[in-house]
Amino acid sequence: MTSFSHAEYKQRLVKTKERMTQEGVEVLLITDPANMCYLSGYDGWSFYVHQMLLVMIDEEQPIWIGRGMDANVAKVTSWLYHDNIIPYPDDYVQSTTKHPMDFVANILKEIGQSKRTIGVEKDNYYFTAKCYEQLKLGLPNAVFKDSTNLVNWVRIIKSDAEIEYIRKAARIVEKTMYVGIQSIAHGVRECDVAAKIYEAQISGTKEFGGDYPAIVPLMPAGKKTSTPHITWSEDKYTNGMTAILELAGCYKRYHSPMSRTVHLGKPSDKVKDLASTVIEGLNAALEVVKPGVACEEVEEVWRNTIAKSGFKKDSRIGYSMGLNYPPDWGEHTASLRQGDKTILQPNMTFHMIPGIWYDDYGVELSESFRVTETGCEILANFPRELIVKEEVDPLEPLFFNKNVGA
């Protein structure tokens with residue numbers, strides 16, 4: 001039941017071991033669930049407890065170690081031999097007297113890996129200070145290295161099979177964004193719009209269903225459009241209000257994010273001007289995307305374009321994305337920002353989100369794209385404009401996008 005062929009997983013493992021060799025790592029301990037899924041296929045909501053994938057430079061397959069009740073998930077979703085799936089007893093879970101990393105350390109001793117150079121993902125959400133302390137305590141003869149993002153950089157260039165999953169996610173986000181915009185109307189609660197968004201994300205299309213995105217719907221409205229990462233409330237939308245939706249489609253853990261800005265009624269000049277500038281800058285930046293261009297060069301085009309209209313944005317305008325789990329769909333590798341000299345290559349995928357936020361309002365429009373052999377493929381097909389909704393029946397289809405999600 002793996003999402004990809006065994007041959008693809010083996011090729012991913014080869015590339016990971018090549019990078020391990022370059023960095024002098026003999027054993028790689030993976031706790032990031034996206035990296036675990038990438039190399040093994042493991043896919044379950046079990047990352048709230050400690051789990052790990054052990055990649056050894058001279059072993060054919062990794063070893064999965066996790067909570068006993070989750071071992072069958074590894075058997076169902078991964079390509080690993082059942083002998084390489086090692087569960088720990090439940091009394092290790094959230095215990096004050098023992099820790100799952102004690103169990104991991106003992107396994108490494110038993111299989112003769114306790115005196116090697118061991119890489120750990122120090123800076124990810126799922127590897128705690130306590131994890132590191134217990135591993136060092138249990139493996140005093142090991143040499144530890146920081147291997148944060150080692151697998152992430154292997155993941156940055158997608159296979160054709162991965163690209164197809166991301167394209168399916170794009171079909172889902174088209175439908176979801178349409179449903180979200182269609183649902184926003186005077187007197188409607190934000191939470192009710194969020195509910196419809198969730199339904200669209202998970203039901204997917206007639207051809208394929210959706211998965212839960214790594215980030216919840218981000219839905220600032222009114223003055224809250226100055227805050228890009230706020231979710232929803234029970235407040236009601238009202239005429240004269242600006243609202244932002246940042247959403248993603250997700251298929252088999254692969255994402256295609258997109259954001260749009262909606263205004264109920266006639267927008268003010270400042271909102272129209274800001275939206276026009278964001279769109280102009282976004283268009284210009286997308287035009288320069290192609291293999292051989294550095295990430296910082298894409299951002300520079302955006303920055304110079306909006307400067308002509310007197311606008312400025314200091315934060316990055318995008319990032320590599322694809323396979324992930326909560327709390328982020330970004331890959332934590334390349335960013336479209338000043339100083340990032342990462343060279344774009346075919347089948348890299350990014351979310352370009354050059355929003356601009358002020359103290360009491362903001363505008364977001366974004367696109368996810370794939371770097372092609374000659375330029376870029378915009379993954380979703382959705383109007384790239386400030387969506388203006390007059391006072392209409394919320395059940396009446398919007399004319400601008402009547403075929404999206406059909």
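Strands here are DSSP runs (E, at least two residues), helices are H or I runs of at least four, and both are numbered from the N terminus. Two strands pair if DSSP finds at least two bridges between them.

I noted that the model is predicted, that local features need pLDDT of at least 70, that side-chain atom pairs count only at pLDDT 80 or more, and that totals for chains, interfaces and linings use all residues. Residues are numbered from 1 along each chain as its sequence is written, and side-chain values use heavy atoms, leaving out hydrogens and water.

Which order do the strands of the open sheet take? I read S7-S8-S16, with mixed pairing. Strand S7 (242–251) and strand S16 (387–389) are at the edges with a single partner strand each, so one side of each has no neighbour in the sheet. Neighbouring strands are turned by 30° against each other on average, direction ignored.

I then checked helix H7 (residues 160–183), which lies across S7, S8 and S16 and runs at about 20° to S8. Axes are lines fitted to C-alpha atoms, for helices over the stretch in contact (heavy atoms within 4.5 Å); angles run from 0 to 180 degrees between N-to-C directions.

Last, I looked up confidence: pLDDT, the predictor's confidence in each residue from 0 to 100, averages 95 for the protein, and 96% of the residues score at least 70. Over residues 399–406 the pLDDT is below 50, and this stretch has 14 contacts in the model beyond near neighbours in sequence.
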